[in-house]
Amino acid sequence: MRKKLVAGNWKMHGALQQNTALLAHITAAASGMACEIAVCPPYPYLAQAQSALAGSVVALGAQSVSEHACGAFTGEVSASMLAEFGCRYVLLGHSERRGLFGETDAIVAVKFEAAQKAGLLPVLCLGETLGERESGNTMRVIARQLSAVLDRLGVAAMASAVVAYEPVWAIGTGVTASPAQAQEVHAAIRAQVAVLDAGVAEGLRILYGGSVKPQNAVELFGQSDIDGGLIGGAALVADDFLKICLAAN
Ligand code: PGA
């Protein structure tokens with residue numbers, strides 16, 4: 001039985017005071033939840049979140065990481081730095097990183113390796129654009145994105161990772177994939193891993209992301225291959241985020 005995970009991706013949102021209130025709400029409610037909960041604030045707030053989450057069951061994650069361990073890479077943050085600030089997870093290959101910052105499948109795979117070397121659990125984000133879906137290429141795109149990591153690191157790497165299926169057309173749009181659409185892709189992701197190792201596939205948590213709201217979370221999380229959610233907009237509103245966590249219970 002896979003324990004569900006609900007992770008909040010704050011994107012480039014937050015401020016010290018606002019974060020204090022949000023984190024206090026989440027930690028106060030989290031202890032009674034059956035699912036695992038994580039929050040991924042922007043880098044400058046990791047220290048704040050680390051201390052706010054101390055002693056709580058809520059895990060900390062980051063939104064990106066450098067593929068390099070250290071050196072002359074102005075503006076970058078390494079995996080060991082994230083580990084030092086208590087991060088358990090790091091999002092990788094989010095569609096905004098792929099689309100706006102030029103992260104290719106190959107770069108995402110190198111980042112995945114760097115994250116695991118530092119003991120972080122990568123949350124590997126996969127997703128097709130609307131054009132790719134409409135041209136019937138969803139499964140091909142998802143398989144290609146996943147293969148980049150499998151080919152570089154082998155299936156064993158997926159035993160210490162999480163996957164998030166996030167159709168690009170559903171992110172921040174208010175249009176969510178239907179539970180059946182999401183389930184179809186989640187099952188295909190698990191099947192691709194199962195070809196290489198059935199045990200790893202069975203244990204792999206595959207989150208859904210893209211306009212998850214309290215109103216649609218129960219049905220999405222009720223699908224057999226959906227093991228929780230990666231939440232953007234609704235992760236900034238404590239009540240909404242906690243309702244989504246409850247839906248994963
Ligand atoms: P959304 O974002 O919930 O606002 O659609 C999800 C994400 O980008 O991870």
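Let's start with the second largest pocket, whose lining has 5 nonpolar, 10 polar and 3 charged residues. In this sorting, Ala, Val, Leu, Ile, Met, Phe, Trp, Tyr, Cys and Pro count as nonpolar, Asp, Glu, Lys and Arg as charged, and the others, Gly among them, as polar. A pocket here is an open set of points on a 1 Å grid over the protein atoms alone, with protein on both sides within 12 Å along at least five of seven lines, and lining residues have an atom within 4 Å of a point. Of the 18 lining residues, K11, G172, S211, G232 and G233 lie nearest the centre of this pocket.

A word on the model: it is predicted, with local features needing pLDDT of at least 70 and side-chain atom pairs pLDDT 80 or more, while totals for chains, interfaces and linings use all residues. Residues are numbered from 1 along each chain as its sequence is written, and side-chain values use heavy atoms, without hydrogens and water.

Turn now to the largest pocket, lined by 21 residues, with K11, M12, Q63, R97 and F101 nearest its centre. Its lining divides into 10 nonpolar, 6 polar and 5 charged residues.

Finally, look inside for a cavity, a set of grid points where a 1.4 Å probe fits but cannot get out. The largest cavity is lined by G93, H94, S95, R98, C125, L126, G127, E166 and V168. Two elements, α4 (95-100) and β5 (121-126), each give two or more residues to that lining; helices (H or I, at least four residues) and strands (E, at least two) are DSSP runs, numbered from the N terminus. By class, the cavity lining has 3 nonpolar, 4 polar and 2 charged residues.
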